[in-house]
Amino acid sequence: MKKIRIGVMGAYRGTGMINYCRASEHAEVVAICDKWVEGLERQKENLKDDSIAYYTSFDEFIKHDMDAVVLANYANEHAPFAIRALRAGKHVYSEVLPVQTMKEAVELVEAVEETGLTYAYGENYCYIPSLYEMRKLYREGKVGEFEYGECEYIHNCEPIWPSITYGDPTHWRNNMYSTYYCTHSLGPIIHITGLRPVSVVGLEGTKTERHLRIGSKSGQFGIEMVTLDNGGIVKSIHGGLYRGSYWYNVYGSKGRMETARPNARQGETQMLYVDVDATPGGYGTGTLDAYKPEGQFPEKSAGFGHGGADYYSMYNFVEKLLGNPEADIIDVYEALDMGLPGMFAYRSILKGGVSLEIPNLRDKSVRDAWRNDVTCTDRAVAGDMWIPSFSKGNPDIPDEVYAEMKRRWREEFESDTGYTKMAFTQSSGKK
């Protein structure tokens, strides 16, 4: 039985992908790479598999005999490593987000086109059973043509901030802007409808008390008002409001479908509500259905994160490499359709909230205008194109804040508790 040989870059977040390979009949982990030696040692202790090679150097890792690379490294560094992996002849599964700059976006698209290799974007929220059911129903014409949608991914990360930033003031999470991490909210709407974003207006939450006390420089949350290529509009909101919320709503020409609100009763948060008519204008001819969709493989996906979505996103990538024509991956163009609205929403914010066109990099004639655009909040990458993480200017955060975050992270890691323990002991999916 053929197995896809996979190398994982990122010992921490890569745990979910490693666990998929341990549970799969068609994939195996052959190498793991991370500059974080303690993380590699923890994985080695956890996996107890002498057949896996461990690397601290990506240059050496990429030479390993493998078919594909999973990139679960820092979110602002996925694109450069994806390009290098593709150029080295490896298929790529890239975690969120796809790119940090437009220069990277152009180079990534061209690397995929020139190598002909598979690039799959790991926006796992697209594969949550209730959201994937929405995709199926939309593609069947159940709700008619898309007119309006709302999507939100609210996650107050203050309690886990030490374990995901390590007290590092240069960490990407401490320096990203408010609309950067937009694909958990917007991504599922793009994948459901198959429509392309053409313009965006951005908004930023300016109440930042929670962010300042953990060391984050950005606005508290971001909003993208996105116009799609059929004229439909999407409101996307994400960020650090106090109470979490993961909710998606699609209005079509025959009705509406939406997931359950997060305050639904226990056991009902994965419910889907479909309220449609038989035809546009056929008022009263439809039904209201409420049910809890299951994924394609509920037993196999049990124990995987995000309602089993971490299983399905990797499953489709592996199936694509095995030649399954039904495999549903998010390719490089769709990945940019999910990610670029956040980038241009922040440019909109910096310009006072004007509407900005979102480049379509499928069109080769569009690419040259962006080939040298390195605008971002990372000084090492942006140079004189650097922009602040907050529209009002980066706040001054005392060194003591980061020292406290680092102390708490070390305490959690060394005692093997909290978020760190969760990452390394996630179920393998095996029964």
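Which residues does S313 touch, not counting residues up to four places away in sequence? I found Y93, N124 and Y127 on that list, where contact means heavy atoms within 4.5 Å.

Before going on, I noted that this is a predicted model, in which local features need pLDDT of at least 70, side-chain atom pairs count only at pLDDT 80 or more, and totals for chains, interfaces and linings use all residues. Residues are numbered from 1 along each chain as its sequence is written, and side-chain values use heavy atoms, with hydrogens and water left out.

**Entry: S313**

I placed S313 in helix α12, residues 309–321. Helices (H or I, at least four residues) and strands (E, at least two) are DSSP runs, numbered from the N terminus. S313 counts as buried because its relative accessibility is 4%. Buried means under 20% relative accessible area, exposed over 50%, and partly exposed in between (1.4 Å probe, protein chains only). I also saw that a polar atom of the S313 side chain lies 3.4 Å from the backbone oxygen of D310.

**Entry: E204**

Next I went to strand β8, residues 197–204, where E204 is found. E204 has a relative accessible area of 14%, so it is buried. I listed its contacts, leaving aside neighbours within four places in sequence: S178, G219, F221, Y346, I349, S389, F390 and S391. With S391 there is a side-chain to side-chain polar contact of 2.4 Å. A polar contact is a pair of N or O atoms within 3.5 Å; within protein, one must be able to donate a hydrogen and the other to accept it, and residues adjacent in sequence count only if both atoms are side-chain atoms. I also checked G222: it is 18 residues from E204 in sequence, yet their C-alpha atoms are 4.7 Å apart.

**Entry: helix α4**

How many of the ten residues of α4 are buried? I counted seven in this helix, residues 78–87, so I wrote it down as mostly covered. They are H78, A79, F81, A82, I83, A85 and L86. I traced what they pack against, and the list includes β1 (4–9), β5 (91–94) and α5 (102–115). After α4 comes G89, with a positive phi near 90°.

**Entry: helix α2**

In α2, residues 37–47, I found G39, L40, R42, Q43 and L47 buried. They lie on the same side of α2 because they cover an arc of only 160° around the axis; the arc is that of the directions from the helix axis to the C-beta atoms. K48 follows α2, and its phi is positive, near 50°.
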